[in-house]
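Here is a short note for a first reading of this structure. Please keep the 3D view open while going through the points.

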Amino acid sequence: MQNFDYQTPTRLIFGKGVIKELPEVMSGFGKKILLTYGGGSIKRIGLYDKVKELLKDFTIYELSDIQPNPKYDPSVLDGVKICKENDIDVILAVGGGSVLDCSKAIAAGAKYDGDPWDLISYQAFATDSIPIVDIITLAATGSEYDCGGVISRTETNDKIGYMDPHNFPLVSFLDPTYTFTVPKNQTAAGCADAMNHIMEQYFCGDSTLLNDGFMEAGLKSLMINAVKCIENPEDYTARAEMMLACTYGCNGIYSLGNSESGWPCHAIEHALSAYYDITHGVGLAIITPRWMKYILSERTVDRFVKYGVNVFGINPNQDKFEIADQAIEATYKFFESIDIPMHLKDVGIDESRIGEMAHHIAVNEGLEEAYVPLYEDDLVKILTESL
Ligand code: NZQ
Ligand code: ZN
């Protein structure tokens, strides 16, 4: 087991109706709130009105229209401007991972004198940030319980995932009923995203019985509950369990003490989203089985055997490469069964920019350090296989 130094400062307030605690929580941070949200789903589900009613005694500024794959310009820059001009005390992010990630970049950017992109691109490090509270409305990213954020800059085709310990939300409200309205395709994409977060931690050199069991249970829970959520969007128990399994996703708790994997599927997917603005979870579902096939070897096969037997119940009394192939096929089939498009061509991506994307990933993502190192040629092959 590897050494680790772990701290998560986020308070999770989970369950039906917990939003009633919002005024008391917010009053601990001050009176001036920047309310951030996306393209309107929170208005359609009545959450916007509820928040405004609960916070009627506060001064609320708003930043709306934060897009999926949130953009540096306008959203992050606009939010930083509002915070600086109005001396905002706390950011309340209401929405999915995109709203939350954008709010994290705003929170640190508002306390930084230079260009906020410096912080996102690791050219500088934050020393302070505005506190963040969130109400998460989509189970997927785990952004509500981690200090990561992913921001896109359209003009340079950059989509950068970065970690900043100042950006942990201090309080996250998780009410599964707010996810009842998440459409089937976003529920499926959220499931694929959260499953891949686990796989990125599972497929590594050094793990433990404890972590493997936790992750295998996480994967099974996500698959079973995502299907239930798709069949019956208002199944509270399924939405609740899916939400919690997603929340654990990216803050490292699934894999404390494991060796680093390099998160290769995320590195590849970030380029797909940066160049083509596709849904993150869909890109991951397409890449994951192709990446698995590509890295399967004598060195990695035992990991695939464990995954196949413990997650998909594959018969262990077979040749190990046969089990591994069946495990990869089962992964593909599961994503397909929840109606995720499984080819890049299905989401408008052809071969024309594969070389460019592979080069971008190889230069920017450091995959030569991954569990199975990947260089530009490897990335071209994985992307081509995904067409
Ligand atoms: O914009 P609105 O109108 O709010 O609609 C959103 C959006 O269109 C809609 N939605 C959200 N909650 C809803 C709802 N529709 C109906 N009912 C609700 N309750 O869903 C659409 C997608 O929202 P988005 O926030 O983009 O989805 P998600 O939560 O999957 O976030 C994806 C982003 O997070 C990043 C991804 O790269 C991507 O940019 N990630 C962040 C991570 C992190 N911070 O740890 C880790 C992940 O690996 C991921 O990379
Ligand atoms: Zn992800």
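The points below cover a metal site, a helix pair and some backbone details of this predicted model.

1. The zinc ion (ligand 2) is coordinated by Asp193 through OD and by His197, His266 and His280 through NE2, at 2.0 to 2.2 Å. Along the chain, these donors follow the spacing D-x3-H-x68-H-x13-H. Histidine 266 belongs to helix H10 (residues 264-276) and histidine 280 to helix H11 (residues 280-295), so the pair ties together parts that are 14 residues apart in sequence. Histidine 266 and histidine 280 are both buried.

2. Two packed helices are described by the angle between their axes and the distance between the axes. For helix H4 (residues 72-86) and helix H5 (residues 97-109), the angle is about 45 degrees and the axes are 8 Å apart. That makes H4 oblique to H5. The crossing of H4 past H5 is right-handed. H4 contributes Ser75, Val76, Gly79, Val80, Cys83 and Lys84 to the contact, and H5 contributes Cys102, Ala105, Ile106 and Gly109. Of the contact residues, six are nonpolar, three polar and one charged.

3. Most residues other than glycine have a negative phi, and most peptide bonds are trans. Aspartate 73 and proline 74, however, are joined by a cis peptide bond, with omega about 15 degrees. Proline 74 lies in helix H4.

4. Asparagine 69 has a positive phi, near 55 degrees. Asparagine 69 sits in the loop between strand S3 (59-63) and H4, and counts as buried at 8% relative accessibility.

5. Asparagine 157 also has a positive phi, of about 55 degrees. Its loop runs between strand S6 (148-153) and strand S7 (158-163). Is asparagine 157 buried or exposed? At 17% relative accessibility, asparagine 157 counts as buried, because the cut-off is under 20%.

Technical notes
Residues are numbered from 1 along each chain as its sequence is written. Chains are lettered from A and ligands numbered from 1 in the order in which they are written. This is a predicted model: local features need pLDDT of at least 70, side-chain atom pairs count only at pLDDT 80 or more; totals for chains, interfaces and linings use all residues. Side-chain values use heavy atoms; hydrogens and water are left out. Axes are lines fitted to C-alpha atoms, for helices over the stretch in contact, and angles run from 0 to 180 degrees between N-to-C directions. Helices (H or I, at least four residues) and strands (E, at least two) are DSSP runs, numbered from the N terminus. Angles under 35 degrees count as roughly parallel, over 145 as roughly antiparallel, 65 to 115 as roughly perpendicular and the rest as oblique. A crossing is left-handed if the near helix is turned anticlockwise from the far one by less than a right angle, and right-handed if clockwise. Contact means heavy atoms within 4.5 Å. Ala, Val, Leu, Ile, Met, Phe, Trp, Tyr, Cys and Pro count as nonpolar, Asp, Glu, Lys and Arg as charged, and the others, Gly among them, as polar. Donors are N, O and S atoms within 2.8 Å of the metal (3.2 Å for Na, K and Ca); water is not among the atoms, so sites may look incomplete. Buried means under 20% relative accessible area, exposed over 50%, partly exposed in between (1.4 Å probe, protein chains only).
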